[in-house]
Amino acid sequence: MHKLVKQSIEAAEIAGQRFYLNVSSRFSGLQGGNRFGRNTGNSLEFLDHREYQPGDDVRHIDWNAMARSDRLTVKLFREEISPHLDLLIDASVSMSGETFHKGAATMSLAALLRVAAYNAGYTVSCWLLKDRCRRVEAASLPLSQWPGAEFDYRGNVGETITSFPPRLRNNGVRILLSDLFWNQEPVSVLRQLSDGAALLTVVQTLAKEDLAPEFAGNIRLIDCETAEAVELIADETLIAEYLRNFTRHQEYWKKCCSKYGAVFTHCIGEQLLADFVPVELLKTEIIMARSS
Amino acid sequence: MPVFMSPLAFWGILALAAVAAVYLFRRQSRNIRVSSLMFWSHVKVPAEGGRKITRLQIPLVLVVELLILALLVLAAATPRAVTGDQLVPVALVLDDSFSMSAGTSQTARDRALAWLEQNVLNRGFVRLTLVRAGVEPEVIGRTDLKGAEAANLIGSWRCRSPFSDLNAALRNVSEICSADTRVIVITDRMTQQALAGNISWLAFGKPLANVGITTANRYALGDVDRCFFEFVNFATAPQRLNAEIINASSGALLERIDAEIGARAHRRVRISVKDTSAEIRAIIKNDAVEYDNQAWLLPVRPEPVKVETASLSAQLRPLIERTINSSGLASVVDSGGQLAFFESNPSDHGPAGRWKFIVHNATQPVTIRGSVAVDKNHPLLTGLPKVLAAWAFDRDFNMPGQPLLSVAGIPLLVSVDDPHSERNIFLNLAVNRSNLHATPVWPVLFWNLLSWRQQANPGPAQFNSRCGIDVVANLPVGIDRLKVTSPAGRAFEVPSWRRSARFAALEPGIYMLAAGDYVWRVAVNLNSADESDLSDLQSNIPVFDLSAGDASNYFSDVRWWFIIPALLLLILHQWLLRQGRPGHVY
């Protein structure tokens, strides 16, 4: 593993202590668990009173309170949940990037999310997506010590997900960390991942060079995965055309995610490595900052 | 075509190479690894595959840039050009002597022509006057020739003159050209004379070892002809001379010379030729410079003068006939004579061209013995001894004409030319009372008379001549043009004046002369030590600029010729850059 990646993972694990993975009403359909959620639920833990509203379970009417106040009041109990996070990491070569920033950011984000999930009481399963979806055994190990945690797969990760889908836990939260630079129909991938998921989040990890390529003149672009090359003369028009293609691809993913109830967000590697604050994830409330 | 005053600026051409190198460098694709080609290849890979390079745009910009740089370099070189119709006057004085054509592989003329081609003829800003400096200066073509015209005409500079009078040519140039004319003398030797500032003296010679014939002469001596040849080794080292003297008429070898001649030494050969009608030729066989390797000597004996004496009295006739016969220059004939003697002026003119010698025999003569006035410049009296004789004459004799001998104002010998090119000579002499015929004056007088008449016969005055000397020929009566064929086969006609025609013989060899029924041959030999001595040839080709000096007044600064197009190209360049077409890199 590259030195930059190792250092970034260590820093991200520390930084992850500041966050927790949000446990929201998205888990409202769960049946029991070993953790209390932040919302109301069916546990025995009393939370609050409020006025009866039509539709409330009549078993929760606090008759004593009604006798005292002559008003229908119901008891609210804390929800009881058993949250689980499946963290799917694209381990293809393209995730490494030319400068290792993208790979370092991906692994850092994974480390940060794992710590944040632990902070929220989640159990965590990690998956490295290569030719197969390989579950990382002993997922509690630091990421730097994960066996086979290298971005060395030269195939199509989307194809791996659809052909060899991982055995993900039902009603769990699933987060896919990938640059999505593969030619696979997003619908098939999202259908596979969202099936039985409480929440699916797609985090597109990108390098700065993916968003704003900075080169001009005669260039030979080499695909780091396939070694396929194409010679171009880069200029503003060409860059703009690239960005149009990239944006169209991204928008299509967003549209598909929306269709399957998944959350789509992105993370720019260089920005994350600067302060280890996943701004976009915070905006979408996938993770939340812990109060001091 | 402009000239450039600051040629060092042409080092700026390296900038073009630098730009081209940068272009080529930028044309080399940089390898860039990307996460995926999916966003690049979707739109940019051509349908047929291959490289996506718009080649035409970049070379156009590059060409424009190179042009701009080239124009700026040219402008920096300070171009100056002749504008308008005023071209720089240049006069070329071309040494036309034989020595310019000496050499085995490359002659001085060849070197000079190559230099002129490179430095003068292809300069568009000059108007040229070509002056061939031979025996006499001669303008080739006309004055103020364009370079291309001069290049065509300069081929007539063939270096076939026995000597070149360069000073006369320079005087000629100063007369026909303006004072600011740049004069370039093309020759094969340096000069020691001080030259004017506008004269450049260029020497293209190279020393050569040469053995040549410098003298060839023939004269009649009694029954034989004496021939004289001089062979000279002009080299600074001894040379082997292998030469032959032959009777060209019979092919007989008269003398063979195979000897070594010391450095700058000569070998003289005298031979007597019994066959006085034979053509004698001397040939050097082992020398590379050919023009002085041959000499021709033709028969020198003219035909005898035909003399009529039938009209003379019995007393005078034997005196004159004996004198005539003893001269060897004439033969007495009964009719058809070229010279007729009379004792009284005949009434008829006789045949055309006949000279008459009339002895005026006085009935009452006066005899004198004393000094006689003599015109010794006249051919009839050349070498005449002092008159110590009793001379009886008619004191009343009076004849309009040129008095050659006179006493006390009374003409004794008178030459009268008539309009028919005939000549009458009157001798005022009473033979029976004089003893002139017994003095040395008598044979000398008649020898001169016959020689003079012989010289007036049709034919060349000399059968063996030198290059550069005029050949003079008398034409027969009724013929006014002499047809000449040079040794090189060039035929031309020479007009006559008073039955005499002359032309300059410049080529060594045998000239054929024809006039009416007469045909003569004249041998012309080079006989020039100056042209044969090639040991002092020199080479001096200074570097000079035709546009410098007074010529610079004809030039004006034309940097704008290059700067304005450069600016226009710069605008075009900017416009191309603004186009922003795909593939436009700069």
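Q: Which residue just after H7(A) takes a positive phi?
A: The residue is A:Gly261, with a phi of about 70°. This is a predicted model, so read the angle as a prediction.

Q: How many residues does helix H7 of chain A have, and how far does the helix reach?
A: H7 spans residues 236–259 of chain A, 24 residues in total. From first C-alpha to last, the helix reaches 34 Å. That is close to the 34 Å expected at 1.5 Å a residue.

Q: Which residues in H7(A) are buried?
A: Start with the general idea. An α-helix has 3.6 residues a turn, so residues three or four places apart point the same way. Now the case here. A:Leu238, A:Tyr242 and A:Phe246 are among the buried residues of H7(A). A:Cys257 is buried too.

Q: How many residues of strand E8 of chain A are buried?
A: 10 of its 10 residues are buried. The strand covers residues 197–206.

Q: Which strands are joined to E8(A) by bridges, and do they run parallel or antiparallel?
A: Take E7(A), residues 172–178, to begin with. Seven bridges join E7(A) to E8(A), and the two run parallel. A:Leu176 stands opposite A:Val202 in E8(A). Next comes E11(A), residues 263–268. Six bridges join E8(A) to E11(A), again running parallel. Here A:Val203 faces A:Thr265 in E11(A).

Q: Which elements of chain A have the lowest and the highest mean pLDDT?
A: Where pLDDT is low, the predicted coordinates should not be read in detail. Strand E2(A), residues 35–51, has the lowest mean, 70. E11(A) has the highest, 91. For chain A the mean is 84, and 89% of its residues reach 70 or more.

Methods: Residues are numbered from 1 along each chain as its sequence is written. Chains are lettered from A and ligands numbered from 1 in the order in which they are written. This is a predicted model: local features need pLDDT of at least 70, side-chain atom pairs count only at pLDDT 80 or more; totals for chains, interfaces and linings use all residues. Helices (H or I, at least four residues) and strands (E, at least two) are DSSP runs, numbered from the N terminus. The expected span of a helix is 1.5 Å times one less than its number of residues. A residue is buried if 20 or more other C-beta atoms lie within 10 Å of its own, exposed if 12 or fewer, and partly exposed in between; C-beta atoms are placed from the backbone. Two strands pair if DSSP finds at least two bridges between them. pLDDT is the predictor's confidence in each residue, from 0 to 100.
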